[in-house]
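This report goes through a few local features of one structure. The sequence and the model are shown first.

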Amino acid sequence: MNQNERKAFQEVNESYTMAEAIAEAQRCLHCKVPQCKKGCPISNDIPDWVHELSKGNMGNAISIIRTKSNLPAVCGRVCAHEKQCEGNCVLGKKGQPLNIGKLERFVADFDSENALTHENIVEKTRGKVAVIGAGPSGITVAGDLSRMGFAVEIFEMEAQCGGVLRYGIPEYRLPKEVVAREIRYIEKMGVVIHRKTHVGVEITVDTLFAQGFDAVFIGTGLSKPKSLEIPIWQNGRCISEGEGATKCADLKRIRLATHFLRRVELISEGFMKRDELPVDKGARVFVIGCGNTAMDASRTALRIGASEVDIIYHKGIDSMSALRAEYDDAVKEGVRFNWWSSIQEIHVDDNLDITEIVLETKETDKEPVRRTLPANNIIMAIGATPATKIVRTTSGLDNDEHNFLITREVPYGMTTRKGVFAGGDVVGRQATVVHAMQDAKLVAEGIAQYVDAVKLIAAIEE
Ligand SMILES: Cc1cc2nc3c(=O)[nH]c(=O)nc-3n(C[C@H](O)[C@H](O)[C@H](O)COP(=O)(O)OP(=O)(O)OC[C@H]3O[C@@H](n4cnc5c(N)ncnc54)[C@H](O)[C@@H]3O)c2cc1C
């Protein structure tokens, strides 16, 4: 990437200065029954650390945050604060809610930059747990179990840890160095990470048990993006039907959003060449979908040189799953939104490059309107499902019809295979960072109960 492109990927939201952070923290009302804490899926003790921050006690503030969160610098940046902590803040009823996300980010960044906290390393005597996947759920399980006295090893297929935090959410929202710092913190606690280890390919769940692990956690997220089939037309003939038909997946100008974002990340890290990007300078790009992934893909396409980016969504603005703040930023940066719309046809030239699309807009009680628009690229951001490699290589592990792993309530998070647990996006809860963490925290408790019980029974039987 050239210098201008790198600049475009610099973090967009600025941090506080110390004086600003303290002044903001002093606005907290310290409610007796803090609604902000109720609004946080992991029940972060917000008023307590905000109080410490308001007095400038940074060490105490971060220690309180870390009792609940293994990813404070991440949550401070990408959580849906407007719907959670800040959305519940009493100050918001009459004016501006406390800027809790930005304050958390400030405290977490200050901690890493100044190496304030040093975690007490707990002796690992309670058992050995293998964690598959180093996304928010895997990191949370690893951090919590490590603090509880378990020896934890993470097996991650990618070269870098973080899952979507590393290869999905772009640098301008979440700098990779911030994610790397959180991972280093976990490693300092004694968690061992095996990178570039694809479970289900290089090793299996059975191999892990054979290596002496007492339990295995699967936190492998959603790695199979969904795609749409749209009729493709070439020289006045539909070529996407019948034998030898050309499908959307065959067109190099159509990409799945997560693959596109991953590719941009690999190019910025120098693992791929700039010309391997599927979006050319000046391209007219259409992004299908209206979640956070669609916002990230659109804003990223503009940053790498697209001249125009349009979001196509088959419903109205009230149904979009993207955060309002993400939508606002996308609008500010020039992304256009086409509500109640869908692409009906894709027109390609002799080289199978996209030349036009036919867009249909159909609002309730109105006649549909069809427009033919010049186009170069289509990016699909319509959701994802879990991959099935681990299920296929592990006996007794069941998934549902959408490939989500089936788990139970007691012990929390155990799958249909004894000793194998799962959590985060792979079990199909609300796909956000903090919900993956919330689920993983409960699973960590479930794993601890299970391993303790198994060891107790073994000791009695001896
Ligand atoms: C583009 C994008 C933007 C998003 N933006 C936001 C946002 O702003 N705010 C928010 O709260 N949420 C956001 N989300 C959702 C959020 O990132 C996810 O809900 C969260 O990352 C789920 O965490 P996880 O640990 O379950 O899975 P993941 O983050 O997907 O992590 C899974 C990990 O498992 C590894 N893995 C997979 N299979 C294997 C295997 N067989 N062997 C070894 N390792 C394996 C993967 O490489 C990965 O590291 C976004 C998602 C996307 C795609």
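## A buried serine

In this predicted model, the side chains of Ser-341 and Thr-361 form a polar contact at 2.9 Å. Ser-341 belongs to strand β12, which covers residues 341-348. Ser-341 has a relative accessible area of 3%, and because buried means under 20%, Ser-341 counts as buried.

Leaving aside residues up to four places away in sequence, Ser-341 touches Ile-312, Tyr-313, His-314, Leu-359, Glu-360 and Thr-361.

## Residues around the ligand

The ligand has 34 residues around it, and those that come nearest are Val-78, Ser-137, Glu-156, Arg-173 and Val-199. Sorted by class, the shell consists of 14 nonpolar, 15 polar and five charged residues.

## Polar atoms and cover

For Met-157, the distance to a ligand nitrogen atom is 3.1 Å. For Val-164, a ligand oxygen atom is 3.1 Å away, and for Thr-432 the distance to a ligand oxygen atom is 3.2 Å. On its own the ligand exposes 990 Å², of which the protein buries 93%.

Helices also contribute to the shell. The elements giving two or more residues to it are α10 (136-147), α14 (257-268), α15 (292-303) and α18 (433-461). The most come from α15, which gives three residues.

Notes. Residues numbered from 1 in each chain as written. Predicted model: local features only at pLDDT ≥ 70, side-chain atom pairs only at ≥ 80, totals over all residues. Heavy atoms only, no water. Near = heavy atom within 4 Å. Polar contact = N/O pair within 3.5 Å; in protein donor to acceptor, adjacent residues only side chain to side chain. Areas by Shrake-Rupley, 256 points an atom, 1.4 Å probe, with all protein chains shown as cover. Helix = DSSP H or I, 4+ residues; strand = E, 2+ residues; numbered from the N terminus. Nonpolar A, V, L, I, M, F, W, Y, C, P; charged D, E, K, R; others polar. Buried < 20%, exposed > 50% of the residue type's maximum accessible area, 1.4 Å probe, protein only. Contact = heavy atoms within 4.5 Å.
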